[in-house]
Amino acid sequence: MAFLEEKFPMEIKIGFGKLVEDYKLHLNGTDTLLKARAERVIAIAKEYPVLIEGLSSFEEIEKYQSQIDAILADLFSGILQNNEIKMASLPFHEGVIKTSKRYDNIIKAAGPEFQPELKNFDDDSMYIMGCSIILNAYYGYKTDFRRPFYYDIPDAQGVIRHYRLLYNGDYISIEKGPSAIDISPEDVAELLDNFENIELWKEKFPPRSWIFKGFVIANLYDATADVSISDFKTGLIKYDKSEEGFVEGFQKIFRSIFNVRDLQVGFSGYNEEEKTLERIPERRIGSFVLAENLRANCQTALCSGSYHTIFTQNKFFAISDVANYYKKNPKEIFYKNLLDQNIKSAIFAPITNNGQFLGLLEIVSGTTQTLNSINANKLLDLMPFLEDTVLRDKAESENALELIIQDECTSIHPSVYWKFRQEAKRVFQAQLDDNSEVSFRDIVFNEVYPLFGQIDIKGSSQARNEAVQKDLIVQLKSAKTILKALQNVNKLPVYEEFLYRLEKYEQTVHSNFEVDSEQTVLNFFNEDIRPLFDHLLKTTTPELRKMIREYRSKLDQGMGLIYVNRKAFDESVMAINKKMASVLDKKQKAAQAMYPHFYERFKTDGVEHNMYIGESITREDSFNKIYLYNLRLWQLQAMCEMENEHYKLSRKLTHPLDVASMILVFNTSLSVRFRMDEKRFDVDGTYNARYEVVKKRVDKAYIKGTQQRVTQAGKIAIVYSQKEDEKEYLGYVRFLQAKKYLGESIEIVELEDLQAVTGLKAILVEVLYKTKAGEKQYYTYDDLMKELEL
């Protein structure tokens with residue numbers, strides 16, 4: 001059977017003409033041994049001229065194998081038979097003419113069924129490569145078709161070894177056959193732009209149209225380390241945790257690098273917040289340190305020696321004989337855990353980035369001493385690429401958790417974020433395990449102490465209504481003026497009826513303004529007055545058109561109403577809210593640095609805030625009631641400072657508004673639950689619900705026996721129910737009086753009973769204001785009001 005048949009552009013003739021010509025050059029040489037070998041080779045060639053003309057089948061090669069061996073003897077030195085991995089062969093084909101003993105041993109170890117094939121090299125690639133040889137060797141075109149060629153050959157243990165082939169083409173010649181087509185420069189240009197168009201190449205170089213004479217020498221060397229590292233890098237670039245088999249692929253790479261057949265790879269991520277090693281959520285890669293656990297404390301999961309080496313020194317920790325280590329350290333659970341998994345040797349490598357610990361690479365084997373501190377150094381070339389991948393994977397996981405938290409919980413305060421991350425991880429893991437029924441559970445913090453405060457705009461509803469009244473009256477009067485002028489031009493009964501309604505609306509707005517009054521007037525303007533004025537702009541006198549245009553210039557385009565006094569009110573409320581929120585948020589940073597706690601604030605007609613402090617929020621065994629007392633004092637002082645900031649701002653507002661501050665004291669701890677359906681924190685339990693009831697109603701409470709609200713401008717109301725709270729806060733008040741935050745006047749009052757709430761009392765204390773920065777003179781609210789009257 002002819003070589004390659006239709007798979008190659010050249011007819012292959014295995015010949016040794018060029019090699020024989022090289023030997024002829026040594027016939028007259030001084031090296032007697034080389035001269036003798038040359039004479040022998042030339043004699044064989046004369047006796048068997050077919051070896052020069054070329055052999056066309058494997059059957060012919062087999063027939064003349066002894067002569068071929070003699071001719072190639074110098075190329076396959078006997079002394080190097082067990083050293084060199086070498087073969088003489090067809091070009092880019094597994095068909096061999098002669099091989100070295102070491103090559104034969106490698107193929108034999110791979111098994112009787114193994115047939116070497118060039119890696120990533122199909123029939124089309126071989127055909128195009130043959131055409132490239134013709135362009136280079138015959139036409140002299142410098143087409144660089146060189147690329148690395150590899151054989152993947154399993155060793156006796158089944159571990160894949162990668163051998164690179166280096167071809168030597170010194171003993172080949174290319175001739176045109178009868179059916180060969182001449183190749184023009186235009187053909188070459190077309191081929192260079194169509195490398196993968198196999199039909200074009202076959203058109204220019206029909207199968208077996210050219211003649212190849214000679215043979216190629218292929219030297220092989222073990223490039224397993226280089227190829228494995230390259231495959232490792234490629235695998236990390238394409239890395240997809242969701243793909244089946246990606247772990248097995250990496251294990252094959254590591255087996256090749258370490259030449260250990262039973263090698264396995266594991267990984268455990270590192271949770272900086274909890275100082276734990278954790279199984280990565282995808283679970284496609286296991287952890288031998290964690291075994292069946294999802295997470296474990298770093299110090300208990302590792303032994304003392306491995307913990308110090310990995311976490312303190314950031315070095316590899318190798319165990320060549322796990323059983324021997326356990327024998328010496330029988331109390332170490334770490335070694336017993338490994339033995340229980342039939343692990344006899346192991347390497348543990350920390351993955352870090354700029355000092356940040358990211359995770360632990362675990363390489364284990366069931367064979368003693370196959371993994372050790374010496375071959376652990378093979379990881380040095382891999383770790384930089386692994387670090388990049390773990391960083392990328394960590395970022396992707398963080399993003400996935402963020403999406404779950406944002407979807408389920410909206411914005412979360414940093415102090416409690418860790419708890420939401422824990423729940424997000426649980427949901428994320430369940431989703432990966434195809435549990436479609438999983439849902440985000442309510443987050444609960446037990447035994448926390450609540451603090452509530454608000455700085456409310458006094459009489460905001462009345463002030464808003466007054467601003468609306470003023471704007472509506474101005475607009476009604478303006479429309480009346482136009483209607484009266486219109487009657488002088490064209491007196492129609494319907495105009496008189498419109499005028500009548502305008503007057504009635506003006507009376508209602510002025511003396512009997514109700515919730516729906518604004519909307520009623522707006523509907524009248526939109527449905528009756530605006531269409532009328534649209535019509536008049538096209539038909540009436542120039543004077544009236546001018547009046548209508550002036551009227552419309554005063555209207556807000558979006559609302560269709562005059563928006564002057566209401567705008568001044570809205571802008572003042574926005575300015576107060578913005579300023580108060582900014583002051584509180586800024587001061588919160590200092591408070592968080594004192595001791596972490598939950599904090600949230602809301603803008604309404606004023607700013608209110610919730611705080612919760614306790615052990616279950618910080619996770620650390622560090623909470624003491626001193627931090628609660630400190631936060632209460634901080635809150636009272638912050639409210640005094642917010643009052644002063646409001647006073648400075650109010651003098652600049654076009655619509656000045658008073659504020660009143662209140663603090664609600666709750667004596668006992670309670671449980672707080674983040675309700676997923678409402679996306680907010682709320683107290684948990686029936687008894688604790690009393691706290692929420694008081695929060696919502698207390699600012700409207702009256703001082704017992706009076707018609708005076710407990711919240712008053714210029715004073716802070718501290719509402720409480722227990723005598724010990726009164727004693728505690730009076731101490732804070734005296735301290736802040738000494739610091740000139742609060743005035744001398746203190747009132748302790750009882751509050752009228754609220755629905756389901758009785759027994760409340762309040763401390764009312766005056767705030768001291770500075771009128772100028774750096775001034776040492778302080779004023780109460782009453783002082784400031786008297787000064788304004790003067």
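Which strands does helix 6 lie across, and at about what angle does helix 6 run to strand 2?

## The sheet and helix 6

In this predicted model, helix 6 (residues 101-109) lies across strand 2 (85-89), strand 3, strand 4, strand 5 and strand 8 (216-222), and its direction is at about 95 degrees to strand 2. Those strands belong to an open sheet of five, arranged in the order 3-2-8-5-4 with antiparallel pairing. Strand 3 (96-99) and strand 4 (149-154) each have a single partner strand and stand at the edges, so one side of each is left without a neighbour in the sheet. On average, and with direction ignored, neighbouring strands of this sheet are turned by 30 degrees against each other.

The pairing of strand 4 with strand 5 (residues 160-168) is antiparallel and runs over six bridges; Phe-149 has Leu-165 of strand 5 as its bridge partner. Because Arg-161 lies in strand 5 and Asp-222 in strand 8, the pair ties together parts that are 61 residues apart in sequence. Arg-161 is buried, with a relative accessible area of 15%, whereas Asp-222 is partly exposed at 34%.

## Helix 8 and its surroundings

Helix 8 (residues 185-192) has Asp-187, Val-188 and Leu-191 as its buried residues. Viewed down the helix axis, these buried residues fall within an arc of 100 degrees, so they line one face of helix 8. An α-helix has 3.6 residues a turn, so residues three or four places apart point the same way. The buried residues of helix 8 pack against helix 7 (123-137) and helix 9 (198-204), while the face turned away from the buried side carries the exposed residues Pro-185 and Glu-186.

The side chains of Lys-204 and Glu-190 meet in a salt bridge at 3.8 Å, N to O. Lys-204 counts as buried at 11% relative accessibility, and Glu-190 is partly exposed at 36%. Both residues take part, together with Asp-187 and Glu-203, in a network of salt bridges.

The structure holds 33 salt bridges, one of which joins the side chains of Arg-566 and Glu-518 (3.9 Å, N to O). Arg-566 lies in helix 22 (residues 565-594) and Glu-518 in helix 20 (residues 517-539), so this pair ties together parts that are 48 residues apart in sequence. Arg-566 is buried, with a relative accessible area of 19%, whereas Glu-518 is partly exposed, with a relative accessible area of 24%.

Arg-208, although not a glycine, has a positive phi of about 60 degrees. The residue is placed in the loop between helix 9 and strand 7 (210-214), where Arg-208 is partly exposed, with a relative accessible area of 24%.

Ala-291, also a residue other than glycine, has a positive phi near 55 degrees, and lies in the loop between strand 10 (276-278) and strand 11 (295-297). With a relative accessible area of 19%, Ala-291 is buried, because the cut-off for that class is under 20%.

Notes. Residues are numbered from 1 along each chain as its sequence is written. This is a predicted model: local features need pLDDT of at least 70, side-chain atom pairs count only at pLDDT 80 or more; totals for chains, interfaces and linings use all residues. Side-chain values use heavy atoms; hydrogens and water are left out. Buried means under 20% relative accessible area, exposed over 50%, partly exposed in between (1.4 Å probe, protein chains only). Helices (H or I, at least four residues) and strands (E, at least two) are DSSP runs, numbered from the N terminus. The arc is that of the directions from the helix axis to the C-beta atoms. Contact means heavy atoms within 4.5 Å. Two strands pair if DSSP finds at least two bridges between them. Axes are lines fitted to C-alpha atoms, for helices over the stretch in contact, and angles run from 0 to 180 degrees between N-to-C directions. A salt bridge is a side-chain nitrogen of Lys or Arg within 4 Å of a carboxyl oxygen of Asp or Glu.
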